Amino acid sequence: AREMSQGLREILIDEYQDTNRAQEALFTALSRDGNNMFMVGDVKQSIYRFRLASPELFIEKCDAYPPYDGKAKRSKIILGANFRSREGVIGAVNFIFSSVMSRSCGEIDYNDDEKLYYSPGRYPADGGPAFETHVLCDPALSGYEAEARYAAALIRQALAEGVTVQGEQGERPVVPGDFCI
């Protein structure tokens, strides 16, 4: 590992929140005492504990590293600007997450460092609603079946009504590939 580390100028690790202790040991062994490791991640997106991911590794580094000042070898840069989502969606996510996430529930405090910040990009601010909540209660169906039927009905309705979305060529009617569940 020491010999190989001399040939590695930088070690870039994406989705670091989904690494585990064995991977961390390998990265550290191949690095120059961890000083040439660059990690990117978001602990709120960690979904691989069932594969033995250790998101606490990312949390430990976030807690230990000072903000980037151009001098410290180990520091953090918060990438909070979100240009992929509409302003209303970001507001809704921040509201819900700040209400339910804490160190005791979710392992992080959803504070100013964790929240998303709207950045105009693909979706300019339009002031319109971009978020809806639907509460389903149908004792005749399982939760998943009720959700599936309801989502399918909403999609059929949007297709039938010709709801429009912003495409690469401008505004256009929604198509089935625009939906994500």
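User: Where should I start? Which residues have the most contacts inside the largest nonpolar core?

Analyst: A nonpolar core is made of buried nonpolar residues joined through their side chains. In this predicted model, the largest one has 13 residues, and those with the most contacts inside it are Ile11, Ile13, Tyr16, Phe27, Met37, Val43 and Ile108.

User: Which helices and strands each supply at least two residues of this core?

Analyst: Strand S1 (11-13), helix H2 and helix H3 (55-64) each do that. The largest share comes from H3, with three residues.

User: What does Ile108 touch, if I don't count residues up to four places away in sequence?

Analyst: Ile108 touches Val43, Lys44, Ile59, Met101, Ser102, Arg103 and Glu114.

User: Let's look at H3. Which of its residues are buried, and what do they pack against?

Analyst: In H3, the buried ones are Pro55, Leu57, Phe58, Ile59 and Lys61. They pack against H2 and strand S2 (37-39).

User: Is Glu24 buried or exposed?

Analyst: Glu24 is buried, because its relative accessibility is 13%. You'll find Glu24 in helix H2, which covers residues 21-30. Setting aside neighbours within four places in sequence, Glu24 is in contact with Tyr16, Met37, Leu57 and Lys61.

User: How many salt bridges does the structure hold?

Analyst: The structure holds ten. One of them pairs Arg21 with Glu56, where the closest N and O atoms are 3.7 Å apart. This pair links distant parts of the chain, with Arg21 in helix H2 and Glu56 in helix H3, 35 residues apart. Arg21 is partly exposed, at 46% relative accessibility. Glu56 is partly exposed too, with a relative accessible area of 24%.

User: What about the salt bridge of Asp112? What is its partner?

Analyst: Asp112 forms a salt bridge with Lys115, and the closest N and O atoms are 3.6 Å apart. Asp112 has a relative accessible area of 52%, so it is exposed. Lys115 is partly exposed, at 27% relative accessibility.

User: Which residues do salt bridges with shared partners join into one network?

Analyst: That network takes in Arg21, Glu56 and Glu60.

User: Now helices. How far apart are the end C-alpha atoms of helix H4, and what span should I expect?

Analyst: The general idea is to multiply 1.5 Å by one less than the number of residues. Helix H4 (residues 87-100) has 14 residues, so it should span 20 Å, and its end C-alpha atoms are 20 Å apart, which agrees.

User: Which residues of H4 are buried, and what covers them?

Analyst: The buried residues of H4 are Ile90, Ala92 and Asn94. Their cover includes strand S3 (81-82) and strand S4 (117-118).

User: What about Tyr150? Where does Tyr150 lie, and what is it in contact with?

Analyst: Tyr150 lies in helix H5 (residues 143-161). Beyond its neighbours within four places in sequence, Tyr150 is in contact with His134 and Leu136. From C-alpha to C-alpha, Tyr150 and His134 are 9.3 Å apart in space, and they are 16 residues apart in sequence. At 32% relative accessibility, Tyr150 counts as partly exposed.

User: Last one. Which residues form a nonpolar patch on the surface?

Analyst: Val40, Tyr68, Ile77 and Leu79 do, with about 470 Å² of accessible area together. Ile77 sits in the loop between H3 and S3. Ile77 counts as exposed because its relative accessibility is 59%.

Conventions: Residues numbered from 1 in each chain as written. Predicted model: local features only at pLDDT ≥ 70, side-chain atom pairs only at ≥ 80, totals over all residues. Heavy atoms only, no water. Helix = DSSP H or I, 4+ residues; strand = E, 2+ residues; numbered from the N terminus. Buried < 20%, exposed > 50% of the residue type's maximum accessible area, 1.4 Å probe, protein only. Contact = heavy atoms within 4.5 Å. Core = buried A, V, L, I, M, F, W, Y, C linked by side-chain atoms within 4.5 Å. Patch = residues over 30% accessible without salt bridge, like charges linked within 9 Å, V, L, I, M, F, W, Y side chains within 5 Å. Areas by Shrake-Rupley, 256 points an atom, 1.4 Å probe, with all protein chains shown as cover. Salt bridge = Lys/Arg side-chain N within 4 Å of Asp/Glu carboxyl O.
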